[in-house]
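Here is a short report on a two-chain model. Keep the sequence and the 3D view open while reading.

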Amino acid sequence: MKIRTVTAVLAALLAAAPFAVRAESFPSKPITYIIPFDAGGESDISARFQQTDWEKVSGQPVIIQYQPGAGGAQAWSQLNQIAGDGYTIMGINLPHIVLQPLMGSVGYKTADLVPVNFFHYTPNAIFVPKDSPYKTLAELVTYAKANPGMVTFAGSGSNSANQLGQAQFDQLAGIKTTYVPFSGTGPSVTAVLGGQTTGGFNYVTSGMNQGDAMRMLAVSAEERMPAFPDVPTFKELGYDLVGGAYRGVAVPASTPEAVRQQVSDIVTKINQQPDFIKRMQDGGFVLTDIGYKQMPDFMVRQTKEYEAGAKALGIGN
Amino acid sequence: MQILGYLVAALTPYNLLLALAGVSLGTIVGALPGLSATMAVAVLVPFTFAMDPASGLIALGAIYTGAIYGGAFAAILVNTPGTPSSIATTFDGYPMARKGDGGLAITLATISSVVGGLVGAISLLLLAPPLARVALAFGPTEYFWLAIFGLTLIASLSVGNTLKGLIGACFGLFLSTIGVAVVGGDVRYTLGMQRFLGGIDLTSAIIGLYCIPVILDLVATPNPHLRAAETGGLRLAEGFRLAWANKLNVLRSSVIGTVIGILPGAGGSIAGLVSYTEARRASKDPDSFGKGNPNGVIATEAANNATVGGGFIPTLVLGIPGTPPDAIILGALLVQGIKIGPALFSAQGAVVDTFIWGLLIATVLMLPAGLLIGRYAFASVVKVPKPLLAATVALLTVIGAFAIHSNVDDVQTMVGLGLISWLLSRYGFAPSPIVLGLVLGQIAEQGFVQTYLIGHASGSLGTMFFGRPISIAIILAALATLLYPLVSQLRARNKAKTEGKAGAVQQGRDTGGVIAAGGFVILGALMLWGTGKASALGAVFPGTIAVAMIGFSLVLGFMLLRRRGAGRAPEAGLGSGTLRRIAIAALLPVWALLLSVTGFLVTSLAAFAVTMVIADYSRTSARTWIIRAIAGAAIVTGFWWIMVHVLLLRVPAGLFL
C-alpha cells in the first residue's frame with residue numbers, strides 16, 4: 001500500500017518534472033499575444049479561448065492585444081522587429097500569409113515569418129438564408145449552371161480563405177458565381193441573413209450563432225462536424241474541397257530554437273485541455289496538431305495548394 | 001413582470017459598485033483622446049472571466065457607455081473628440097466653451113448622454129428581437145447611401161465655403177482609400193511604405209486634424225484657453241431647463257442613435273453626425289449651428305450614447321457585433337460559455353435581462369459620476385497655467401496616437417496630418433469635412449462596390465442603386481440636406497441684393513486659397529495616375545474622387561482668381577505668436593521622430609519642458625518654474641507608467657527609456 005503510494009507520487013513527480021522545470025525557465029512573466037485583427041473575429045475568439053487555459057498550462061497569464069490593419073499584414077510586417085525572447089507572440093493565419101505577398105509588396109514574405117504552431121482551422125461552408133429556395137447544394141449548383149454569374153456569395157474580405165474556397169468550388173463544379181467581399185465575417189453574415197446575396201461562403205463558425213436562421217449546404221471539412229451532424233461535407237457530395245483558414249501562433253525570427261519549441265508546446269498542451277476542446281468544438285472550430293516539428297512539411301504542402309488556388313483567383317501573375 | 005425580477009438581481013451592492021466604477025473609469029478613458037472604449041473593454045475582459053457572467057457584462061457595458069460619454073469632455077474643452085463618436089460634439093461644444101459656456105455644455109452633454117443611453121437600453125430591453133430586423137434590412141446599397149447622406153452634412157457645415165468644404169471632403173475620402181482595400185484587395189497609395197498598408201488610422205487622424213491646430217493656437221496668445229464662466233460651475237439648473245425645452249431634439253436624436261447603433265459597422269460617429277444634421281434642419285436658427293448652439297451638443301451626445309444600447313441589439317439577437325466594443329463583449333460571452341444568437345433571449349434570459357438592467361443602472365449613475373468628473377475636468381482646464389496645459393495637451397496627443405496600435409508611425413502620421421490641417425485651415429479648409437470624408441469613405445466605397453457586384457450579377461444595377469425603398473428614403477433625406485442650405489443662401493442673397501449690399505465686399509485676393517487649389521489639382525492628378533495599377537474594382541472609387549477633387553479645385557481656383565465670393569480671405573498676417581507657433585510646429589515632428597530613438601519617457605520629458613517654455617508669456621519666477629517642472633515630470637512619468645504597466649503597451653525604450 002505504502003510502496004504503491006510512494007511509487008505513484010514519484011511517478012507523478014517524474015511526469016510533472018519537465019513541466020515544472022520549464023515553468024521556472026519559460027515563461028517567467030506574462031506573455032503578450034498580438035492578434036493582427038479586430039476583436040470579435042475567429043482569431044480573437046479562439047485566442048480568448050486559449051487565454052482561459054493559458055495560465056493553467058504555462059504558469060503565466062497571457063495578455064491579448066489587437067493590432068489590426070491591412071488584413072493582418074500590418075502586424076505581420078512588423079513581427080520580426082519585435083524582440084525574439086518568446087514573450088511577444090503573434091497570431092498567424094493561412095492562407096493569408098501565403099496569398100498577401102503574392103498580391104504585391106505588403107512588407108513581408110511568407111518565408112520571413114516563423115509560425116510555431118497551427119492549432120485549429122475553420123472550414124468553409126456555403127450558407128443560404130432559411131427562406132432560400134435552395135435546400136441542397138445540388139439545387140444551387142443546377143441553378144448556377146443555368147445562370148452563370150447570377151449566384152452571389154458574401155464572404156469575408158478579398159483574397160481570403162472564403163474567396164479561395166469560392167474560386168476552387170467554381171472550378172470543381174464547373175460553374176461561375178460572383179464573390180462579394182465584406183469587411184469581415186460579421187457584415188458578410190448580416191448580408192446573408194438579410195437576403196442581400198444568394199448565399200454566403202463563410203466559415204462554419206458563423207453557423208453557431210445563427211441557429212436555424214441560416215441553412216448550411218455543405219462544409220469543407222474532412223468529416224462531418226460534431227456540431228452539425230446533418231450537414232454533408234463537400235467530399236461526400238463529390239467535390240474535393242477541404243480547408244479553410246488555419247490559425248496559429250508565430251514568433252519573431254530572432255527567437256532561439258528552444259523557445260520556439262516551448263511556445264509551440266504551450267499551444268499544443270492547451271489543445272489537449274478538455275474544457276478547451278469542448279469550447280472550440282461547440283464553436284465550430286476544428287482542432288489540429290501541427291507543432292513546430294511538423295511545421296516545415298505543413299507549410300510546403302499548404303503553400304503549394306494556395307499558390308494553385310491563387311492562380312484560380314488570378315493573383316500573382 | 002418577470003422582467004422586473006431581473007432588476008432586483010441587477011441591484012446587488014456588488015453590481016452597483018461595478019457599474020459605478022465602470023462608468024467612472026470609462027468616462028476618464030473616453031475623455032483621453034486615443035484611449036478608446038474598445039481598448040478599455042479589451043484590457044478588462046480577462047478580469048471578468050472570474051466574475052459571474054451578468055456582473056462581468058455589467059462591468060464591461062458600464063465602461064463602454066462611460067467611454068462614449070467621456071469623449072464629450074475633450075471635444076468641448078480642447079476641441080478634440082475623445083472618441084470618434086463625439087466628432088460632432090466639437091462643432092458646437094468647443095465654441096460654447098470659448099464663449100464661457102463650457103460648464104453648461106458639459107451639463108448638457110451629461111443629461112443628453114444619460115437620456116440617450118436610457119432610450120437605447122430600454123429599446124434593448126423591450127424591443128430587441130423586432131428591432132434586430134433593421135440590421136438585416138440594411139444592405140450594401142443602404143450603407144452606401146447612408147454614407148452619402150453623412151457627406152451632405154458638409155454642405156451645411158461649410159455654408160459660404162461650400163467649395164472648400166467639398167474639396168476637403170475629397171481629401172478625406174482620398175485618405176480613406178490609402179492602404180489595402182477591403183474590396184478588391186488592391187494596395188493603394190502607400191508609396192511603398194509599410195506604415196500606410198493598414199491605412200490612415202481614424203483616431204490618430206482625428207487627434208491630429210483637430211488637436212494640433214488647438215495646440216498651435218494655445219501657444220500663440222497669452223490669453224486664457226477658455227473664458228471662465230461668469231456664472232461659474234456647471235450651471236445645472238440652466239442645463240436641465242435647456243434640455244427640457246429641447247426635449248424633442250433629445251428624443252429624436254436618441255431614436256436616431258438607437259437605430260444607427262443597430263446597423264453593424266455604422267457606429268457612434270455616424271449616429272452623431274446624422275442626428276446633428278437633423279437637429280440643424282429642424283432648428284429655426286440653423287445658422288447658429290457650428291457657432292455654439294447647445295442643440296448641437298444635445299443632438300450628438302444623445303445619439304452616440306443611444307448607440308450603446310442599440311449596438312447590443314444585433315450583438316445579442318443575431319450574434320453580429322454592432323460596434324468594435326460589442327465585438328469584444330461578444331467574445332467574452334462566448335468564453336463564459338454563453339451562446340448568443342436567436343436562442344439567447346429564451347435560453348439565457350436571466351443573464352441577458354440582468355445585464356440590460358445593469359446597463360440601465362450604469363447609465364443613470366453616469367449623471368452624478370459624470371457631473372462630478374466633468375466639474376473637475378472643466379475646473380482644471382480653466383485653472384491650469386497655460387504652459388502646463390499646452391504641454392499636457394501635446395503629450396496627450398502623442399500618447400493617444402501611440403496607444404491605438406503601440407505604434408510610433410501613428411504618432412508621426414498624426415503630427416503630419418495635424419500640420420497639414422493647420423495650414424489648410426488658415427486658407428479656409430476646415431478640418432471637419434476632411435474627417436467626414438475619412439469616416440465615411442470606406443463605408444461608401446464598400447457599399448458602392450458591393451452594390452455594383454450584386455447588381456451587375458443580377459443585371460439590375462439601376463434598381464439596386466435607386467429602386468430599394470429604404471435607399472430612396474435616405475436619398476430624399478440627403479437631397480433635402482443638400483438643397484436646404486442652398487435655398488436659404490439664395491434667399492439671403494436675394495435679400496442682400498434688394499438691400500443693395502453685394503455679398504463680397506472688397507476682399508483681398510485669396511492667394512493661399514489659389515495655391516491650395518492648385519495643390520489639390522496636382523494631388524488629384526497623382527491619384528488618377530496611381531489608380532492605373534489597381535484592379536477595376538479598386539480603381540473606380542479613388543478615380544471618381546480624383547476627378548471630383550480636380551473639378552472642384554479648378555472651379556475654386558477660377559473663382560478666387562476672379563475674386564468672387566468663394567471663400568473668405570485668410571486673416572491678415574500671422575500675429576504676434578508666429579514665432580512660438582513655428583517653434584511648436586517644429587518641435588512636434590522632432591518629438592514624434594525621436595520617440596523610438598531616445599525612448600518614449602526621455603523624449604517626452606524633454607519635449608514637455610520645451611513646450612512649457614514656448615508657451616510661457618509671463619515673467620515666471622524660479623519657484624513657479626520648479627513647481628511646474630515637478631508637475632510636468634509627474635504627469636509625463638505617470639502617463640508613461642500607466643502605458644507600460646496598466647495598458648501593457650510596447651513602449652519604445654530607445655537609447656535611454
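The report goes from domains to the chain contact, then to the core, a helix pair and some local backbone features.

**Domains**

This is a predicted model. Chain A is assigned two domains: domain 1 covers 16–119 + 244–313, and domain 2 covers 122–219. Chain B is also split by its assignment, into domain 1 (2–383 + 430–503) and domain 2 (578–646).

| Domain pair | Distance between C-alpha centres | Residues in contact, domain 1 | Residues in contact, domain 2 |
|---|---|---|---|
| Domains 1 and 2 of chain A | 27 Å | 17 residues | 20 residues |
| Domains 1 and 2 of chain B | 32 Å | seven residues | eight residues |

Take chain A. On domain 1, the side that touches domain 2 draws at least two residues from each of helix H4 (96–103), strand S9 (244–251) and helix H11 (295–313). H11(A) gives the most to that side, with four residues. By class, this side of domain 1 of chain A holds nine nonpolar, seven polar and one charged residues.

Now chain B. Seven residues of domain 1 of chain B meet eight of domain 2 of chain B. The domain 1 side of that contact has seven nonpolar residues, no polar and no charged ones.

**Where the chains meet**

**The nonpolar core**

The largest nonpolar core has 316 residues. Within this core, B:Ile58, B:Ile76 and B:Ile215 touch the most other members. Helix H5 of chain B (residues 87–137) gives the most to the core, with 22 residues.

B:Ile76 is worth a look in the 3D view. Beyond residues up to four places away in sequence, B:Ile76 touches B:Thr89, B:Gly93, B:Tyr94, B:Met96, B:Ala97, B:Gly102, B:Ala105, B:Ile106 and B:Ala109.

B:Ala97, one of those partners, sits in helix H5 of chain B. Is B:Ala97 buried or exposed? It counts as buried, because it has 28 C-beta neighbours inside 10 Å and the cut-off for buried is 20 or more. Setting aside neighbours within four places in sequence, B:Ala97 contacts B:Ile76, B:Leu77, B:Gly102, B:Ala105 and B:Leu226. B:Lys284 lies 187 residues from B:Ala97 along the chain, and 23 Å separate their C-alpha atoms.

**A helix pair in chain B**

H5(B) also packs against helix H15 of chain B (residues 349–383). Their axes are 9 Å apart, at an angle of about 175°. Angles over 145 degrees count as roughly antiparallel, so H5(B) and H15(B) are roughly antiparallel to each other.

Which residues meet here? From H5(B) they include B:Gly102, B:Gly103, B:Ile106, B:Thr107 and B:Thr110, and also B:Leu118, B:Ala121, B:Leu124 and B:Leu125. From H15(B) they include B:Ile356, B:Leu359, B:Leu360, B:Gly370, B:Gly374 and B:Phe378. The contact of H5(B) with H15(B) comprises 14 nonpolar and nine polar residues, and no charged ones.

**Local backbone features in chain A**

Start with a cis peptide bond. It runs from A:Leu94 to A:Pro95, with omega near 5°. A:Pro95 lies in the loop between strand S3 (88–94) and H4 of chain A.

Next come two positive phi angles. A:Ala70 is not a glycine, yet its phi is positive, at about 55°. A:Ala70 lies in the loop between strand S2 (62–66) and helix H3 (73–76) of chain A. A:Ala70 counts as buried, with 25 C-beta neighbours inside 10 Å.

A:Asn159 is not a glycine either, and has a positive phi of about 55°. Where is A:Asn159 found? A:Asn159 is in the loop between strand S5 (152–156) and helix H6 (161–173) of chain A. A:Asn159 is buried too, with 24 other C-beta atoms within 10 Å.

Terms used. Residues numbered from 1 in each chain as written. Chains lettered and ligands numbered in written order. Predicted model: local features only at pLDDT ≥ 70, side-chain atom pairs only at ≥ 80, totals over all residues. Domains from an automatic or database assignment. Contact = placed C-beta atoms within 7 Å. Nonpolar A, V, L, I, M, F, W, Y, C, P; charged D, E, K, R; others polar. Core = buried A, V, L, I, M, F, W, Y, C linked by C-beta atoms within 7 Å. Buried ≥ 20, exposed ≤ 12 C-beta atoms within 10 Å, placed from the backbone. Axes fitted to C-alpha atoms, helices over the stretch in contact; angles between N-to-C directions. Parallel < 35°, antiparallel > 145°, perpendicular 65-115°, else oblique.
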